[in-house]
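Dear colleague,

I am handing over the structure below, together with some notes on what was found in it. Please read them alongside the coordinates.

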Amino acid sequence: MADHENDRPDLPGRWPPPRVEPDARALIRQAHHRVRRRIAVLDDDPTGSQTVHDVTIVTGFAPENYGPCLASPGSTCFVLTNTRSMDASQAAALNHDLGRGLLAVGDELDGPVQIVSRSDSTLRGHLFPEVNALGAARKEHTGRGYDGVLIVPAFLEAGRVTAGDVHWARVGDRMLPVGETEFARDATFGYRASNLRDYVAEKSGGVIGSAAVHSIGLHDIRLGGPSQVADILMQVTDGAFVVVNATDYADLETVVLGLLAAEDAGRSFLSRVGPSFPGVLAGLPPRPPLTSAVIWPAGRRPGHGLVVVGSHVGLTSRQIEVARRRGGLVEVELQVEAVLGDGASRHLAEVVARLTETLTRADALLFTSRSLRRGSDAAASLDIARRVSDAVVEVVRGIRAANPAWVVAKGGITSHDTAVRGLEIRRAEVVGQMLPGLVSVLRPVDAAPEMVGVPYVVFAGNVGRDDTLADVIDVLRGGPSPYSADGGGAGEA
């Protein structure tokens, strides 16, 4: 960490204070309406909606799925691709097809569709396969690719920030360069670099040198403002990467204003982003954390809820332990070794039976074995993850008839497969978040009949405090929210 000590985002006096552009979100919305722009966010797992509200999420990949959601100028639609669970070639192929389809929809509408590639704030994902595929789709459609690709992995509420081109993650009460965290040791998407210019070079396999990666620094943003951001972007050509530094939402607002100015001048950019950027790009105003009264405006649905946990990061395991201690959950374990063995069908039937009975009397916690099973290489590890996720899906499908009052899914791939294959969610509205910028609540609009209108909570594996899962469950039970301004939400049941 010593190599990055002078770039610490919390180092007093190292950076200018954040620059506040008055009415930035309103100005961004006005800019979209002026040119009748729509925004399509290709989300590689369902956790990218953690800073937005009142937008639509779709899980289908055909124009008839996402086209209607982009009908209105200024609208934003998330398309859940789940490409983080795919291999590189599959991810590239899907992004290419979606890029072509979205650009074609834009031709049929009365304004452009701006595509955003949303991935992990701790840098795990198919960076080059997806970015290159979207660039190729644009070149095929318009005759020219993107002038540049913005790298904006910020997830401010979770402590994922960039300063001095170094990406940082808050782990407990410490800020660590992201390359020194457990996320960098991911079996499929591991890396070593914390400096994002070096990270791009590393992921390119040496094809791109770090010196070829541009940067919009905190001094550029906070002292120069949108005009300085636009000037930097006007110099970017041939699809070069641009690192965007940000430790505050004011930084992102300034960057978006500069980006829109550069695009008004004829430039084109793809953004590869973490969760914080899409809401700013859409110009959405902040919304306070949800209470039970907002989640259930007509009164809380009776019955018990289901928590599905597939994530294996250390934080998730600690959150499960706190939820256990707080009480009220009946635990059912999905044993990974049994799922991968010859007795898988029998084991899954037993798990479904236990959960179905439990939901008649209590909230249930379905969790996969906490010992992480790795394969011999990245592809084998991904295959094991898929097989376990398939088992989780089969169990969730089996308990739909028990009519859970709410469902929480913990982990990116788990939350996607639970939503799309387990609950058959095809379209949903993002109601908001359970705590500031974290843990989205979706309201299914098109789903399995038992699940329409049932709150579905998307809970990333790597966010929150140790007690956050327990707090979320308490709110879903009708209790007060510890995160809302008035602590309200009690008594709506």
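Arg222 is buried, with a relative accessible area of 8%, where buried means under 20% relative accessible area, exposed over 50% and partly exposed in between, with a 1.4 Å probe and protein chains only. Its side chain meets that of Asp251 in a salt bridge of 2.8 Å, N to O, the term standing for a side-chain nitrogen of Lys or Arg within 4 Å of a carboxyl oxygen of Asp or Glu. This pair links distant parts of the chain, with Asp251 in helix α7 (residues 249-264) and Arg222 in helix α6 (residues 218-234), 29 residues apart; helices (H or I, at least four residues) and strands (E, at least two) are DSSP runs, numbered from the N terminus. Asp251 counts as buried too, at 0% relative accessibility.

Please note that this is a predicted model, in which local features need pLDDT of at least 70 and side-chain atom pairs count only at pLDDT 80 or more, while totals for chains, interfaces and linings use all residues. Residues are numbered from 1 along each chain as its sequence is written, and side-chain values use heavy atoms, with hydrogens and water left out.

The structure holds 40 salt bridges. One of them joins Arg118 to Asp43, with the closest N and O atoms 2.8 Å apart; since Arg118 lies in strand β4 (residues 113-118) and Asp43 in strand β1 (residues 38-43), the pair ties together parts that are 75 residues apart in sequence. Both Arg118 and Asp43 are buried.

Over the whole protein chain, 59% of the 493 residues count as buried, and the secondary structure comes to 15 helices and 18 strands.

Best regards
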